[in-house]
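Here is a short tour to read alongside the model. Have the sequence and the 3D view open, and follow along one topic at a time.

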Amino acid sequence: MNVLFIGDVIGRPGRVLVRHYLPELVEKEDVSFVIANGENSAGGFGITEKTARELFDCGVHVITTGNHVWDKKEAVSYVSKEDRILRPLNYAPGVPGFGSIIYGLKNGLKAGVVNLTGRVFMAPSDCPFRTVIPAIEEIKRHTNIIIVDMHAEATSEKQALGYYLNGKVSAIIGTHTHVQTADEQILSNQTAYITDVGMTGPAVSVIGVNVGQIVEKFLTQIPVKYEVATGKGIFCAVVIQIDNETGRASAIKRLMLHD
């Protein structure tokens, strides 16, 4: 099976790009399963029921998130009951929502998705390395196809997790920095890896935000309310080829499409 993982969707421009590109890519790449990081889908910061439903209606099966998951207050109640939206598994016990899912596909296959957050240069959380193992063991009772979203700042932490989970999962896909890296690879035990899949949103921006606002902030250090940039877009994703039975990855292809 082929899995499409879409990089961090930024506001309305990102949602429009998903609507535009996804049907074409599903057909062209023979995609069976679509995952998107949607934690910035609502105005560039956070997620709402409306923006999540829009992504689901476009054909996204599972939405992962990260440190901005609670930026919109209404997200708490919605994420706590919608198991197709994941928040990081290694958040503190008792936090609302779901850190993993076993998703049943139309062709009878099942695929597991796990959402993690890093701890280097990020808000405090439980250890992703230790927390993820019981989740993987539980998912493997149902399927060997497991995709991990590692939402983290430090490239070293993402790389370390990649080697740590090499052979235990099908793919480790890095998110959060919004800048696509060129290190996609199949690790020695047939696990697909990329440090960051990139973002889906305005191309002329600073990680999705209006350029002038960010430059001004660096020049003055005066806080400003950030706005999602406008203009032409960029759609970043990866397509991962995974064996249905073993869950081993045989290929990963990086996509960067400009409208």
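Which residues does valine 9 touch, not counting residues up to four places away in sequence? In this predicted model, valine 9 touches Gly14, Arg15, Val18, Ala36, Asn37, Asn40, Ser41, Leu55 and Thr200.

**Valine 9**

- Valine 9 belongs to strand β2, which spans residues 8-9.
- With a relative accessible area of 0%, valine 9 falls under the 20% cut-off and therefore counts as buried.
- Glycine 112 is 103 residues from valine 9 along the chain, and the C-alpha atoms of the two are separated by 21 Å.

**Helices α1 and α2**

- Helix α1 (residues 11-28) and helix α2 (residues 49-58) have axes that come within 9 Å and cross at roughly 10°.
- Because that angle is under 35 degrees, α1 is roughly parallel to α2.
- On the α1 side, Arg15, Val18, Arg19 and Leu22 take part in the meeting, while α2 contributes Lys50, Thr51, Glu54, Leu55 and Cys58.
- In α2 the buried residues are Thr51, Ala52, Glu54, Leu55, Phe56 and Cys58.
- The cover over those buried residues includes β2, α1, β4 (62-64) and α3 (75-81).
- Just after α2 comes glycine 59, with a positive phi of about 120°.

**Glutamate 157**

- Look for glutamate 157 in helix α5, which covers residues 155-164.
- What the glutamate 157 side chain does reach is the backbone nitrogen of valine 120, at 3.2 Å.
- Leaving aside neighbours within four places in sequence, glutamate 157 is in contact with Gly118, Arg119, Val120, Pro128, Phe129, Met150 and Ala152.

**Glutamine 180**

- Glutamine 180 sits in the loop between β8 (171-175) and β9 (185-186).
- Not counting residues up to four places away in sequence, glutamine 180 touches Asp196, Val197, Gly198, Cys236, Ala237, Arg254, Leu255 and Met256.

Definitions and conventions
Residues are numbered from 1 along each chain as its sequence is written. This is a predicted model: local features need pLDDT of at least 70, side-chain atom pairs count only at pLDDT 80 or more; totals for chains, interfaces and linings use all residues. Side-chain values use heavy atoms; hydrogens and water are left out. Helices (H or I, at least four residues) and strands (E, at least two) are DSSP runs, numbered from the N terminus. A polar contact is a pair of N or O atoms within 3.5 Å; within protein, one must be able to donate a hydrogen and the other to accept it, and residues adjacent in sequence count only if both atoms are side-chain atoms. Contact means heavy atoms within 4.5 Å. Buried means under 20% relative accessible area, exposed over 50%, partly exposed in between (1.4 Å probe, protein chains only). Axes are lines fitted to C-alpha atoms, for helices over the stretch in contact, and angles run from 0 to 180 degrees between N-to-C directions. Angles under 35 degrees count as roughly parallel, over 145 as roughly antiparallel, 65 to 115 as roughly perpendicular and the rest as oblique.
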